[in-house]
Structure formats: C-alpha cells, structure tokens
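Biologist: Hi! Could you walk me through the charged pairs and the surface of this one?

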Amino acid sequence: MDASEFRRRGREMVDYVADYLEGIESRPVYPDVEPGYLRPLIPSSAPEEPETFEDIIGDIERIIMPGVTHWHSPYFFAYFPTASSYPAMLADMLCGAIGCIGFSWAASPACTELETVMLDWLGKMLRLPDTFLAGDVGVGGGVIQGSASEATLVALLAARTKVTQRLQATFPELTQAAIMEKLVAYSSDQAHSSVERAGLIGGVRLKPIPSDGNFAMRASALREALQRDKAAGLIPFFVVATLGTTNCCSFDNLLEVGPICNEEDVWLHIDAAYAGSAFICPEFRHLLDGVEFADSFNFNPHKWLLVNFDCSAMWVKQRTDLIGAFKLDPVYLKHGHQDSGLITDYRHWQIPLGRRFRSLKMWFVFRMYGVKGLQAYIRKHVQLAHEFESLVRQDPRFEICVEVTLGLVCFRLKGSNQLNEMLLKRINSARKIHLVPCHLRDKFVLRFAICSREVESAHVQQAWQHIQQLADDVLRLERA
C-alpha cells in the first residue's frame, strides 16, 4: 500500500467507522456466538501472497463483528464506561503515523514534553495540590500508565523500594528478604481485584480492611489493623484508598485515612479509576478532599473523559520515589540531557520500556471539547443515572442497594439471590441491553452503569421497560 492508496483506503475506513458508530444502536449489544466460533472462519495459517483490502474489509462484517460486544452501544450498561470520541480517534491515527517509542526525552522530545504538560493541564482541571504538578521546577508530576492496574503496581513497587531503603539505612544488617517477609499492604474489602494482584506480583501480603455500612474504608478499622500488625512485628508500608469502587461506586474516607497514613509513614495511593473524571466538575470535587495526604493518585481518562483506551493518568508528589525504584541506565539508552535536570525520562516511571504518544489524545480532546464540554458530558451521565434510579424507586418490586453518587445504579429485585441471578441471565440472553452483577455483602446485585457517549433518556427508559418485562416473567415463574 503506497501513500496514494492509503489516502483512498483511509477515507473508506473513516466512512466505515462513522457508519459503524452511527448505526451501532441497531446491532445486538452482546454477541450470539459460542467459544471458538472464529477459528473455523479463517485459514489455519497466514497467506503466502498478499490479499486485497476489499477482502479484509468484507471479512470484518463476516468474521469480526458477529463476535464483538458493542461497548459504545447506547444499550451497553455493563462494567464502567470506556471512553471514545472522534478527536481521540484522529489523535490515535497521528500517534500511529509518528510511531515513536517515547521511552526517553531524546527518543522523541515532543512525546515526553506534551505528556508532562497534559498531565499538568488535567491536574489543574481536578484542582490537585501543586505538589502533584510538574510545572517548571516541581518535584512531583504526572505520567500516563496503561491502566489503573499498572498504576497501583507501580505505586506499590515504589513504596516497597522506599521503605526497604529507609529501613536498611537505619538498620544496615537487615536484608531485603528479611524486610520483604514482614511488609504488609492494605485496602478496603471493596477494592478492585487488581490491588490484590499488585500484592501478588510485588511479593507482599495484602490485607483487606472491613468497610462500613456505606462500603467505605474508615479510620478506626485501618488503625486497628495497623496497630495489630505492628504489634506482631510486621511492617505496614502501603495503603490503597478507592474513590468510586467497582462494585458500587463507594468512596473510602480520605479525610480519615489520609492523616493516619501520614502519621505512620505509610504510602497512600488513591485509585479513582472511574470516578476521577467527575472531579473536574466543581459539584463533585469534594469527593477528592483529602488527596493532599496521598503520595500517588490515579484515574482513567479512558473510562469517562472521552479519551480512548489506553490512557491512565497517574501523579506522584515525589518523582524520585518512582525513579529510585525503576531507574536502570544501559549505555544504549543514555543521552546528553538526562542529567541536566531539565527533562523527564518516562522509562523510569513505569514497568515497560516503550511507550506510545498517548498524550496526543488528551491534547486533541481537551482542545476540541474544552473543560466545559467535558463537564457537560459527565453531568449528563450522572443525570441519566439518577433518572434510572427514580424509575427503579417507583416500582415496589425493586430496591436500590446503595446511594447513587455518579453514573452507577446498584439495584435488585426484592427477594432471593437466585431470583436476581435468573433476572440477569434473562437480561443478557435477550441481548437487547447488557449488564453485569456484583456482590454487596451477601446480596447478588445488578449494576446499571451509564456508559455510551450516545446514550439518551430514551435508551434508559427503554432499558427499564425491558427489565420490568423480564422481571414479570421471572416473578411469574417463581409463583408457578
């Protein structure tokens, strides 16, 4: 494919993408395929001779689309949103064309510097404390990770290195292995499974802190765990506070937990993967109060801020904490500016070496929507969630399981878990809408998350009517 054909095929692909998104509402939101459906549809090995673009495009509808879950359908209400916008897609095209691997400033100065500035832009939109911003002379700063899971792991590994170095400086006879076996990390029992995975990868034990009646981690439970473990000779070193849990969008109490972490010299990492986007709205910023106590903070613009995956924004107060954990300098990666104090080499801020020019997506989206446009988008989703909440409350057969704060509604039929499992199975088998469940204590609960950029009140109303109809069927069967 030469440049001339690329121009022509590029226009065709843009048309295909635009047609797909404009017509996505007419496609079943969840695929009707069985595991292994795809392998018989394609050859067992790659072609020896080139094939035509027309053949490939034809196979998209024949092979790929039947097995796609349409995350951007206005009838997709599962998990949490994954962001998508035309400006971000265009930026991704440019990222692919430039094709740099921005592991250092020298590898592509614009890739590094735009990322630093975009994380400052976004930090100011959130009104983060200045200590988290890079600015011209800041000691903190932001970095784009691939996911919130990566950010949690990076923070845990940095905290592990920091506490190990501190203890060895005081007690030189301590080996790293002796310290490692005593390290303990903590999170709410509502934290995402990726936090537990970070503990597994980091080789440290992770202890869940029982949450309160609002599914939040509170000071009393955390302090009790810290005191108990210290008395047992263990070393608390890392706490993850979640703002907007996956199960029910609950919020750990930062204003209580934060001071304890600072008093105990324990690293506090904030995981706000979903909810963080909402903090650009003044009316939701109070949910971030207490961030000043944190050592690191992360959320995913690729969830709710119209920046396509992957783009997970992470800030630290002390960049040296990350660099101290990850810095390796083989001669083939060195360059003349690395010790100048004027540049950032992001390879020292992350687990992989290579990195794409992901900040282009942020630059395009922030400029083409503006802060006000992004705020309006968040507010619309929250409004639609409250609309769905109101519909549920009007039906006495159902109950709302937790306060609706942002764009997630947790609800269920009054009755047994088995009844609700049956309802969810019917909902997803019908393939008109898509939901996923959670467990809140001993209750099986349905989650209704406002996700699509194109979702409107009419879609929410239709979804609720569909749920009511299926509930009629389920309740009729139960009485039979």
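Predicted model: local features only at pLDDT ≥ 70, side-chain atom pairs only at ≥ 80, totals over all residues.

Biologist: Great. How many salt bridges does a search of the whole structure find?

Modeller: The search finds 29 salt bridges.

Biologist: Which residue does Asp-92 form a salt bridge with?

Modeller: Asp-92 pairs with Arg-356, and the closest N and O atoms are 3.6 Å apart. Asp-92 sits in helix α3, while Arg-356 is in the loop between α11 (319-326) and α12 (359-393), so the pair ties together parts that are 264 residues apart in sequence.

Biologist: And how accessible are those two, Asp-92 and Arg-356?

Modeller: Asp-92 is partly exposed, at a relative accessible area of 24%. Arg-356 is also partly exposed, with 34%.

Biologist: OK, next one. What does Lys-207 meet in a salt bridge?

Modeller: The side chain of Lys-207 meets that of Asp-229, at 2.7 Å from N to O. This pair links distant parts of the chain, with Lys-207 in strand β3 (residues 205-209) and Asp-229 in helix α8 (residues 219-231), 22 residues apart.

Biologist: Is Asp-229 buried or exposed?

Modeller: Asp-229 has a relative accessible area of 3%, and the cut-off for buried is under 20%, so Asp-229 counts as buried. Lys-207 is partly exposed, with a relative accessible area of 25%.

Biologist: Nice. Where is the partner of Arg-223, in which helix?

Modeller: The salt-bridge partner of Arg-223 is Glu-263, with the closest N and O atoms 3.7 Å apart. Glu-263 is in helix α9 (residues 254-264) and Arg-223 is in helix α8, so to speak linking distant parts of the chain, 40 residues apart.

Biologist: How accessible are Arg-223 and Glu-263?

Modeller: Arg-223 counts as partly exposed, at 31% relative accessibility. Glu-263 is exposed, with a relative accessible area of 54%.

Biologist: Which residues do salt bridges that share partners join into one network?

Modeller: That network is made of Glu-5, Arg-9, Glu-12 and Glu-54.

Biologist: Where does Leu-90 lie, and how accessible is Leu-90?

Modeller: Leu-90 lies in helix α3, which covers residues 86-98. Leu-90 is partly exposed, with a relative accessible area of 47%. Helix α3 also holds Asp-92, the salt-bridge partner of Arg-356.

Biologist: Thanks, that helps!

Key: Residues numbered from 1 in each chain as written. Heavy atoms only, no water. Helix = DSSP H or I, 4+ residues; strand = E, 2+ residues; numbered from the N terminus. Buried < 20%, exposed > 50% of the residue type's maximum accessible area, 1.4 Å probe, protein only. Salt bridge = Lys/Arg side-chain N within 4 Å of Asp/Glu carboxyl O.
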